[in-house]
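Subject: Structure for your review

Hello,

Here is the structure I said I would pass on. My notes on what turned up in it follow below.

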Amino acid sequence: KNPCDGAPNIIDNFKNLKACLGFALILVAVLFLDKSKAYPGWWALIPILGAFLLIAAGREAWINRNLLANPLMVFIGLISYPLYLWHWPLLSLVRIELTSPSHALEIAAIVLSVFLSWLTYEYLEKPVRFGKFSVETKTVPAVLIVFIVGIGLVGMETYRSDGFAGRFSFPEVVQ
């Protein structure tokens, strides 16, 4: 038996160093990147490098094992793509309808985004990826292809007819 078993070794310390540096870079990006910085651009390397270092550190790094493996963080990771899709339309709608909405309304839009993201993950993404409608069956890809082609045809027709009937044209808005 190795007498050093259980003691931190240089490899573990290097993994923890990478994870800490990665986490710090992401924190710097969150705290210091704002509208005054040209983003994306060179500034985008800060969070990208941070994420790379966190991933490269592996599961054994303390931050990854204890902080990022926390059930709340895992939940956010699971709904992250639907959340990405839901939050902008809802926040934009609030901003368009009310020029300067209250923070409470913006928070309500974010909470609604999280709820809709969970519903999307639970009742759309999971059944398609892992359930009886799994992508491994031939039905789901066929249905998705039909939807994609249908959306493409609607888009082409909308473009060809210069928008939907009853909508104003761009030159009228400019005048």
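Two rings of Phe, Tyr or Trp count as an aromatic pair if their centres lie within 6.5 Å, the six-membered ring being the one used for Trp. Please keep in mind that this is a predicted model.

By that rule, a search of the whole structure gives three aromatic pairs. One aromatic cluster is made up of Phe 115, Trp 118 and Tyr 123.

Next, the pockets. The volume of the largest pocket is about 170 Å³. Its lining consists of 10 residues, and those nearest the centre are Tyr 81, Leu 85, Thr 120, Leu 124 and Glu 125. By residue class, the lining of this pocket comprises seven nonpolar residues, one polar and two charged. Helices α5 (80-97) and α6 (103-129) each contribute at least two residues to the lining. The biggest share comes from α6, which supplies five residues.

Last, the helix packing. Two packed helices are described by the angle between their axes and the distance between the axes. For helix α1 (residues 10-32) and helix α2 (residues 45-57), the axes come within 7 Å and cross at roughly 155 degrees. Angles over 145 degrees count as roughly antiparallel, so α1 is roughly antiparallel to α2. The crossing of α1 and α2 is left-handed.

Regards

Methods:
Residues numbered from 1 in each chain as written. Predicted model: local features only at pLDDT ≥ 70, side-chain atom pairs only at ≥ 80, totals over all residues. Heavy atoms only, no water. Phe/Tyr/Trp six-rings, centres within 6.5 Å; stacked < 30°, edge-to-face > 60°. 1 Å grid on protein atoms, 1.4 Å probe; cavity = no way out; pocket = protein on both sides within 12 Å on 5 of 7 lines; lining within 4 Å. Points joined across faces, edges and corners; volume = space filled by probe spheres on them. Helix = DSSP H or I, 4+ residues; strand = E, 2+ residues; numbered from the N terminus. Nonpolar A, V, L, I, M, F, W, Y, C, P; charged D, E, K, R; others polar. Axes fitted to C-alpha atoms, helices over the stretch in contact; angles between N-to-C directions. Parallel < 35°, antiparallel > 145°, perpendicular 65-115°, else oblique. Left-handed = near helix turned anticlockwise from the far one by under 90°.
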